[in-house]
Every structure is written in C-alpha cells, then in structure tokens.
Amino acid sequence: MAEIGRREFLKLVGLTGTTTLLGCSSETQRRLIPSIASPEDLIPGRATWYASTCRECPAGCGLLAKNVDGRIVKVEGNPRHPISGGRLCARGQAALHGLYNPDRLRGPLRKNAQGGFDPISWIEGEERLVRRLNEIIRQRGGDRVVFVSDLMTGTLKDLVGTWLAELGQTEGLLLYEPFAYEPLRKANQVVFGINGVPTYCIERADFLISFGAGFLETWLANVDYARQFAAFHALRDGDRNPFVHVGPRLSVTASNADLWIAVAPGDEYLVALGMLRIIVDEDLAQQMPPTQRAALTKLLDAWTLVQVSARSGVSESQLRSLACRFASAKRPLALAEGLAQTAPHATATAVAANLLDALHPGTRETVNFGALSVYSEAARAADLRALTERMHGGDVDVLLLHNANPVFALPPAWDFPRALEKVPLVVSFSSAVDETSAKAHLILPTHTPLESWGDHEPRQGVRSLMQPVMGPVFDTRHLGDVLLSVGKQVVGPDPFHWRDFFDVLQYSWRRWWQALAPNQPFEDFWQEALATGGTWHQNPTGQINVGFKPAPFVFPGPDAVASDDKTGLHLAIYPTVQFFDGRGASRPWLQELPDPITQTTWGGWLELHPETAAKLGIVKGDVLRVTTKYGAVEVPALPIPTVPPTTVALPIGQGHHAYGRYADGHPANPWELLGGEIGGVSQGIARPPFTVVLEKTGNVLPIANTDGSYTDHGRGFVQTLALSDYQQAALADHRPHLHLPLPEGYDPADDFYPPHQHKDYRWCMVVDLDRCIGCGACVVACYAENNVAIVGREQVINGREMSWLRIQRYFDPERPVAHFLPML
C-alpha cells in the first residue's frame, strides 16, 4: 500500500518551524526531522497513502490519508476495513477541517483573573496539574478525580484506567456520548438477555422495517449500514427486498424506503405492537414456541388492534399488510432508533422491535451479538447526572475532559456549567475550545486523531490502528504522553515505565500478536497491521445463539397515553448527517454542505408542514420562539413537506456559542427544549410526550438554502420508474429512451450549447441513481479533492455557492418521497 516505509515517512514529514520542533512531544522529537533531509526516494508532489482510523464519531471507519509533501490533503475510506469498506460519510471526508481548523488551540493555556486565557509552557501546565494531584493524594483521599472522555477504547482507555488507579481513583472514568442508546441497550437486555448493542447484518435480511432508526445518516455505524443497505436493496432477478420506515419525518433513510409511514413522535412502538397483535392473533408465526406465544400475549393484552390503529393513525389494513410481509419473510429484520432524547417511548419502541426480531429463527442471522458495538460501553445519562450532583456537592476536586462537551448537550435543568464552578481544577485536553473547555481552568491541548498513535475497537473483533499521518500542526501533545509524564511526577516511574505512548501501544499490540500470529515476527505483524489499518478476526458466521429471554416489561397502555396532548404540535428532534451530535459544526465544509432533505446551509431551521404554516400565518424565514415546558429556543421557520401537519422537526447540531468562528451563532440547540428527568427503565434521559408552542417574534432570518424549488415542475430532471413498471418493461423487453451526450445527442429544442468534438479524450461518469442515498459525502469529497473554497452564509443566500458537485433534492408531487440527483 505504502510507497515508502513507515519509519522513512516519519523522517520526512515537514515541520512548520523551529518552534514546532522544540515544542513537540517525545514521540515527535524522536521520529520527525525537517524535510530538507528527506530520503532520496521522496518525489515532491507524489502522494503516499497511509491507513488510519476516522474518529469523527464512535463508528471508527477505516480510512486512508493522502500525504503530499508532508501534509495531508485528502482522506478516503479504507477498502480493506470491515466497517468502512472503502467509503466515508461527509463527516469523515471533512476530518481535515479538524486538523487544519484555524480555531485550534496553538498550545497550553491557563485561565486568568478576567476569565480569558493566557498562553503557558507545557512545563508550567503539567506542574499545575501535578501540584493539585499531589494535594489530593495527600489530603483528600481517593475518588475525587474524574476523567470524562468520548468513547475511547483500546490502549488509550487501558492507560487512562491504569493512570487513575495509580492515583487511587477506582471509579474515575466516564465514557460520555450524547447518543448512548440507553433504550436500545435496555431493550436488548429485556428481550435477549444481553445489555449491549449488537452489530446488525442488514445485507442478510430479506425484509427490513425501521422504527425511526436513521441508519443511512448517523445511527450506530451509518457508513457500514449504508453499504449493507445497497446490497440489501439491489435488484436481483427483477425484484428487490422491501424496506419500510416508520417515523415522524421524511429523513434520508425514510426517502430511501419503499414505504414511509408517518406517525407522531413516540408512536412508532404502536405500529410494532399492531404487527405483533396480528401475528399472534392470526397465528402467522407457526414456528413460535408455546411459551413465547404466551409471553407475547401477556405483553400485548393492553392493546387491541382497533386501539392501535386509532391511536397511531395507521389503518388496520396497512398494519395487517406489514405483519403478513414480516411473518412471511425468511430473514426479516426490525430496527429501532433507541435514542432517549429524540422521541418519547424509545424503550418501548426498541422492545417492540426486538419482539418482532425474536419471532423468526432466520432473523438470528441478521442480529450479531457476537460483535457488540462500542456504544455498549458508553456511560448512561444517569451516570452523568450522578457526576453532576457530585460536582454540585463539592465532591470532585479535579475534572479532566477529553473530547467531551457536556455543557452543550446535557439538559439545562442539571446546570452543568454551575457544577463546573464548584470544581477546584477543571482541565481540558481538547484540541479546540468548545462550550465546556471554555470553562476550564487549564487547557493542555492534545493531538487530533490524524496526528496521533492509537487504536480503536468500534466493535468486538475489529481492532483498528491509528497512526500520525503527518507531524503536529501546533504545539500539542499526545494525551498518552501527557498522562505518562504527569503520572511519573506524581507516583513515580515504576508504574509508567514506558518511554512514550508509542511504546505503550506496541506493548499492548504484542499481546494481540501473541494471540493472533505468534509464529510471525512481531515487526512483520506490526507493519502488516499498519498497512492494513488494523486486525479483524470476526467469526465468519458471526452469531451468538441468542433466544427469546424476556424480562419483565410493561408497554404504555391506552390509559397511560390517553393524557398525551394530541391537539398541539409534536416535536421531532433528529441528528443530521452533517453535525451528528453537534461535534461536526466547527467544520466549514459541513456547514456549507446543504442538508440532504432541506438543502439548508449555515444555520438551523424548524420544519413545519406548508398547510400548518399557512394556517398559522408563518412564512419561510420567520423567526419563531419554540417553547416547551422545559425551555425555549428561537429558530427560523421552514415550511416544507417533510413532516405531517401535526408535527414540527428541529435538527440537532447547531446552537453553539463557544465552538469557533464557523459554529457559533447559528440557531438553535434543541437540547435546550428537553427536561432532565432520568428514565427509570433505560437510565437514559426521559423524553415524555409533549407538544410545543410556536410564537412569531416579528424578526426574520433568511435561510441559506441552495434549492430553487421543491419539485422539478414536471420538467423531467429526475427520471424514476416504479418497480412494478420496471418489471413489466423487462418482461416486454422494453428499453427506456436514452438522451445521448453531445455531439450525438444534440437537439436544438433542448440544448443551449452547440455540439462540439472531443479530439483526444472523452470522459464520462455513470452514477447509479438507484444506489445514491443523497447523503452528500461525495460533495464534501469534491471540496477536498479540488480544494474548492467555501463562500459562507451570505454568499449562499445570494446564490453564489461554489460547489463543483451537488446533490439536488426534488420531492415527488404525488407521494411523500424525495429523489436525489447528482449535479456535476
């Protein structure tokens, strides 16, 4: 894969100057020298690719980084990696903006008396931390130091655990993710007896139904599932496997479904219960054991089919059609989103989906509990609330933060910012300031993933390697090097006998080498793993024989939901393919990327149905105050046919106020509309059913959208063909008419430009529109590959966006679906 050896590459990486060299960590000093002494086989301008791991979200896709003259200029998916399979999403393509972002921290900082930050040296920064830790060990005892990080795994997690243990902190590590999937994990425990998140094998299914799971956008491992979906939904012998999406919004995932069933947020579980009711009552699952049938009957007793249909708004005939299709499939698969914050009754929906999956033995081929996702290790919201209460009570002396931004995403009712003020020393290891790091007393910025050694285990059996594909851009250090240095100063060198984190990593991987390839020299094993991007040894069948093991559970019954307000506007909040949980908002490529469905850039919006907008006298751009019983935000209105008339939708990711020049000031943060109660079953944030109040503020904020129209007005820009029409045409051997390119296809009635000859080369690109899901990853990839400049919000409003490739969305005027058309 590589054109030169790993060590030679580390010698040739260019440095930005003498200051950078002097400020580098021990890892950098040992391995980097100026490129004026580069090897003879280095050819300026020629690219070299190196395998590493994307850390823009916990999914951990394998990537390849393109290094030209000592600088990374592009990343792509690693085709040898079992999760990415050669692909990256838009966030992965934009990882370069985390590396080169002008708002990155240049070096260590300490907070001054005025509330700002002053630069300090690494020596002074470490001394401040060491001094405080020594005081705690001598005077305060254990469990007063807490380390809050994103979902780190592998060697770095082990080192952090060892470091905390040597300091006498037995329970100090919290792996925080705003999307911790607590309801999904609890549902798996209820139905299958395993408290974790499995790997789903969509490509093995022959019928798929999703209850709000946006697996083509952000759900769990969206790149992997998008790749699998392409295989699942491909035409075979003139037919394709059906996919149904149940949810409150026409999302990217819903737009790629054969059928979208619109329900109010939180009513997804009712559709699943209706299907189960029909399957049990009409004996459609004859292979079901009597004990399972009895358990299901008991769980479903509270709901009749008539009640389900009346409450959900889905007709009995449609419920029966879904139930029959699911029961007759050989390997049906039901997915549930399982996020506590986005919709009410999330645990009930996930349990109902799992009960469907437990009906058919063939479904076991599609749910792999032998490869649990890294999300299984995420701290629950209850753990974060307990930490917040400890901080409010003065029981935390040092809080260490690494790639975690709880100030932005935790419920305002917890008042986490005030809790931070009660902690004597807050230290951030983040590479850039965010809402939480801005409140730290000390910032010791660490490398970005593209500058770091490390490993990541996104699911059991997949251990991906990370390597520094270029030298550090600024005066940052590896988190592991900082912990080793501080640990040696606090407790002595014996527990931390490694020279730097690179030695720790190799020490850890020697254990893998002994387990996987003991007859191979370690250096060969190591170099092979670096070139490949890691090691993976998943079971070919990949299954643990998980059966139906129901634990006590009670679905919300008709009486329990009767008090839900069905007269107001329901609120759906959802993560976007661009910003995930908000961490992608500092990447300007992602801000400039039009949202796949709304085609909106540089800001948030509130989606409401055009009929609702007309009824309320609301037009596009009207700033609305959206109020719940927990809080309020202001956001511009976007009338668009993506939600039913009784629902409004607000995206997650915007609303930052201390996350850099590209993220700050864009409305709005939907976390501020949620309460802080903890669900007693899932231990996630409870999202009770509620409606919102919309109030016009009198202000107008233009929306920077790139679409000129919702439809193509019958001009035939988007060519579609129903599956039944395709099958009939195939039987009749009818071929669709093709519009040939110029010069053969020149038609003066249609073409503006005259035909022209191609003397030497004639290039063409074929895009399979049936496989394009509209995610926009290719748009960001085009920005990176061609170094296309961003223009910003004002110029987009003026119609001056400068993308060479864009994905145009057109709504079908006859049915609720969006079509995507790549425009080159």
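A: Start with burial: buried means under 20% relative accessible area, exposed over 50%, partly exposed in between (1.4 Å probe, protein chains only). Serine 428 has 0% relative accessibility, so serine 428 counts as buried. This is a predicted model: local features need pLDDT of at least 70, side-chain atom pairs count only at pLDDT 80 or more, and totals for chains, interfaces and linings use all residues. Residues are numbered from 1 along each chain as its sequence is written, and side-chain values use heavy atoms, with hydrogens and water left out.

Q: Which residues does serine 428 touch, leaving out those up to four places away in sequence?

A: A contact means heavy atoms within 4.5 Å. Serine 428 touches Leu401, Ser437, Ala440, Leu442, Ile443 and Leu444.

Q: In which strand does serine 428 lie?

A: Strands (E, at least two residues) and helices (H or I, at least four) are DSSP runs, numbered from the N terminus. Serine 428 lies in strand S15, residues 425–428. The chain has 27 helices and 29 strands.

Q: What share of the chain's 824 residues counts as buried?

A: The buried share is 60%.

Q: How do I read confidence?

A: pLDDT is the predictor's confidence in each residue, from 0 to 100. The chain averages 90, and 93% of the residues score at least 70. Over residues 1–39, pLDDT stays under 50. The model has 84 contacts beyond four places in sequence for that stretch.

Q: What share of contacts with a separation of 6 or more joins residues 24 or more positions apart?

A: Such pairs account for 72% in this chain.
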